[in-house]
Structure formats: structure tokens, C-alpha cells
Amino acid sequence: MPTFVHLTSIFLQASLVLASPTQESFVSKSKPYDVQAHRGGRGNTVESTLPSFAWGLVDGATTLELDNGITSVSTISRWPSGNSTMQDDEVVVWHDNQILAEKCIDTHPAFPDDPMYPYVGKFIANLTLAQVKTLDCGSKRQPEFPQQLLYPGARIQTLQEVFDFVECADPSHQILWNIESKINPEHPDRTASVKDFVQKQHMVFSGSPYYRSITYQSFDWRTLIAMKELDPLIRISALIDEETAFTLDNSTSPWLSGLHLDSFPGPSLGQKMVQAARFIDADILSPCGTCFIPPSVTFEDNLDFITLAMFSNIGFALESATPC
């Protein structure tokens with residue numbers, strides 16, 4: 001069973017890989033292609049943990065892809081002494097809005113008689129960082145990734161902690177970042193608000209030496225618009241798939257910030273998506289490559305989300321979206 005002593009060895013390997021002349025050339029801004037480690041490389045290691053990001057570096061990833069949540073945006077519980085609430089609004093690195101039993105294990109309460117304990121099953125937005133930090137998210141292998149290495153005791157990290165960790169192996173800041181806001185407009189009570197997400201994430205982004213190496217992505221286009229308004233220099237990637245582009249009754253999807261694909265010019269679905277992404281000033285359009293289009297939606301040439309026509313004169317980058 002891998003341990004954190006083993007993690008140290010992996011981390012040293014990552015440092016050597018990034019220091020090699022070959023890797024330095026590979027991760028240059030003019031690279032012909034980009035290798036992204038999704039959630040740090042969850043096919044190899046328990047996802048979104050320091051071990052997963054270390055393995056991503058060892059495997060030669062040029063971009064680390066990750067997701068953010070925001071802790072404790074509502075008044076939930078109180079410290080045993082005094083009446084102050086445990087609100088910290090920390091940017092953490094985790095994919096799911098909710099702490100799932102399939103991925104994490106409770107270890108102990110953050111303080112005696114914590115009424116929120118156990119934390120598994122709770123939403124990150126309803127937990128403080130201290131509560132989240134008690135969870136063991138390195139002991140459960142996912143069935144779809146039978147070769148995943150386990151790192152018992154691995155904790156959910158803040159974004160700043162992940163930046164600091166990677167910087168130790170990457171002091172010249174060659175690694176690129178693809179960072180997603182995990183916000184759900186269909187369930188606003190389960191996550192932080194758009195304002196909280198954008199302001200908190202940007203505060204960490206702008207204070208990091210990786211600031212100019214970050215692509216900010218989201219299926220919720222409201223956060224992309226807000227981030228671009230706050231900082232026009234941030235590169236944004238508009239994610240879109242069949243769940244966010246369409247509704248069963250073909251009404252306006254809440255994910256597209258009030259936009260409806262039908263209102264944009266173009267005979268094909270792909271061209272309408274391109275125009276919508278241009279409208280919000282996206283730098284990248286990242287659609288699902290093999291998505292189901294509901295029968296209620298009718299476009300010419302609508303058999304595929306990604307078509308050759310989308311590559312013609314689009315004016316910005318087109319990338320196939322990573323899995324959610």
C-alpha cells in the first residue's frame with residue numbers, strides 16, 4: 001500500500017522529470033499539443049489529491065486539470081466556545097459538490113460534539129475547512145479505475161496548497177493549469193454563489209506565480225462572464241455538453257447564463273455553439289465530443305457536437321472537454 005513516504009519518492013521523480021531538458025521543451029508555450037492530467041490523473045491514483053498531482057507530473061502532464069469548491073458559505077455550526085460561526089470560504093480542490101461515501105471516509109469530528117459530524121454526505125458549501133480536512137479521501141479505489149493507487153489518509157487540499165506543492169517540483173513554473181468552478185445553477189443552495197466563486201478563486205489566482213498559466217473553465221457560463229469582467233487577462237474556456245446545452249422542453253438552459261443556442265446564427269449546432277461562446281468572449285470552446293442530443297432539439301447537421309465545420313474560421317481555440 002503506497003504511503004506518504006512513497007509520495008515523497010514520487011515527488012522527487014516529478015522534480016527530476018520537470019528539470020530535464022526534454023520536459024522543459026515539451027511544456028513550452030509553443031508546444032504542439034497539451035497533455036492534461038484530469039483531476040491529477042485519476043486513472044493512476046485517487047483523484048484530486050497531492051499524490052494524484054504528483055503522479056500527473058511524473059507521467060509527463062503539461063497541464064494539471066482540477067476542480068474547485070468553496071467551503072462554508074452558510075452559517076451551519078458553531079465552535080464549542082463563543083458564538084462565532086465557522087465560516088472560512090476557502091477554495092478547495094475537489095470535484096464533487098457533496099462528500100461522497102464512495103470516495104471519502106470520516107475519521108473524527110473537527111471538535112468535540114460537532115453537530116455536523118459525520119461529514120460524509122454533506123455539501124462542501126456547508127462544511128468548514130477544518131471539517132473537510134478531517135476526511136480521508138485516499139482509501140477508496142473507484143470501480144471504473146481498478147488500477148488506482150490508494151494513499152490512505154490523503155486529504156482534500158486548498159488550491160493554494162496544491163499550487164505550493166507543485167511549485168516545489170516546478171520552481172520555474174512551466175506547468176499549466178485548467179481550473180474549473182464546480183457550481184450548479186440548478187441547485188444554488190448546494191454551492192457558493194457566482195460572486196463568491198469568482199472573487200475567492202481570483203484572489204488565489206492573482207497571488208500565484210502561476211497566474212498567467214491558468215485557464216478558467218466552467219459549464220456554468222455565469223462564472224466565466226463574471227471572471228472575464230473582473231479580470232480580462234484570465235483565459236476562459238466555455239464547457240458545454242448535452243446536459244447544459246439543452247432542456248427537455250427546449251427552454252433556455254440555466255447553465256448558459258440566459259443564452260439560447262437557437263438565437264445564434266448558423267445552420268448547425270456546432271456553429272451556434274461557436275457564436276454563443278464568442279458572445280461571452282470565451283477564449284476556448286470545449287464541447288463534449290460524443291454527446292446525446294435530445295429529440296426535441298432540431299438542427300441541421302446535428303448528429304455530432306464536434307464537426308469539421310467548427311474548426312473553420314472560429315477565431316479561437318477549440319478543445320474537446322474533459323469528462324465532468
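Predicted model: local features only at pLDDT ≥ 70, side-chain atom pairs only at ≥ 80, totals over all residues.

Student: Which residue just after α9 takes a positive phi?
Tutor: Asp281 does, with a phi of about 65 degrees. Residues are numbered from 1 along each chain as its sequence is written, and side-chain values use heavy atoms, with hydrogens and water left out.

Student: Why is Asp89 called partly exposed?
Tutor: Buried means under 20% relative accessible area and exposed over 50%, with partly exposed in between (1.4 Å probe, protein chains only). Asp89 has 21%, so it is partly exposed. His173, with 22%, is partly exposed too.

Student: And what makes Cys168 exposed but Thr158 buried?
Tutor: Cys168 has 56% relative accessibility, so it counts as exposed. Thr158 has 6%, so it counts as buried. Thr158 lies in strand β4. Leaving out residues up to four places away in sequence, Thr158 touches Glu90, Val91, Val92, Val93, Leu129 and Lys133, where contact means heavy atoms within 4.5 Å.

Student: How do you know that Cys104 and Cys137 form a disulfide?
Tutor: A disulfide is a pair of cysteine sulfur atoms within 2.5 Å. The sulfur atoms of Cys104 and Cys137 are 2.1 Å apart, and the structure holds 1 disulfide. The torsion about the S-S bond is about 110 degrees, so this disulfide is right-handed. The pair links distant parts of the chain, 33 residues apart: Cys104 is in the loop between β3 (91–93) and α4 (129–132), and Cys137 is in the loop between α4 and β4 (157–158). Both cysteines are buried.

Student: Where is the cis peptide bond, and what is its omega?
Tutor: The bond joins Tyr117 and Pro118, with omega about 5 degrees. Pro118 is in the loop between β3 and α4.

Student: Why is strand β5 described as largely enclosed?
Tutor: 6 of the 6 residues of β5 (residues 176–181) are buried, so the strand is largely enclosed by the rest of the structure. In a regular strand the side chains alternate between the two faces of the sheet. In β5, Leu176, Asn178 and Glu180 point one way, Trp177, Ile179 and Ser181 the other way, and all are buried.

Student: How do you know that β5 pairs with β2 and with β6?
Tutor: Two strands pair if DSSP finds at least two bridges between them. β2 (residues 63–70) is joined to β5 by 6 bridges, running parallel, with Glu65 opposite Asn178. β6 (residues 214–218) pairs with β5 over 4 bridges, also in the parallel sense, and there Ile179 stands opposite Tyr216.

Student: What is called a nonpolar core, and how many residues does the largest one have?
Tutor: A nonpolar core is a set of buried Ala, Val, Leu, Ile, Met, Phe, Trp, Tyr and Cys residues joined through side-chain atoms within 4.5 Å. The largest has 52 residues, and Leu64, Val166 and Trp177 are among those with the most contacts inside it. Helix α5 (residues 159–169) gives the largest share of this core, 6 residues. A second, separate core of 13 residues includes Val92, Trp94, Cys104 and Ile124.

Student: How do you know that the buried residues of α5 sit on the same side?
Tutor: The buried residues are Leu159, Val162, Phe163, Phe165, Val166 and Ala169.

Definitions and conventions. Helix = DSSP H or I, 4+ residues; strand = E, 2+ residues; numbered from the N terminus.
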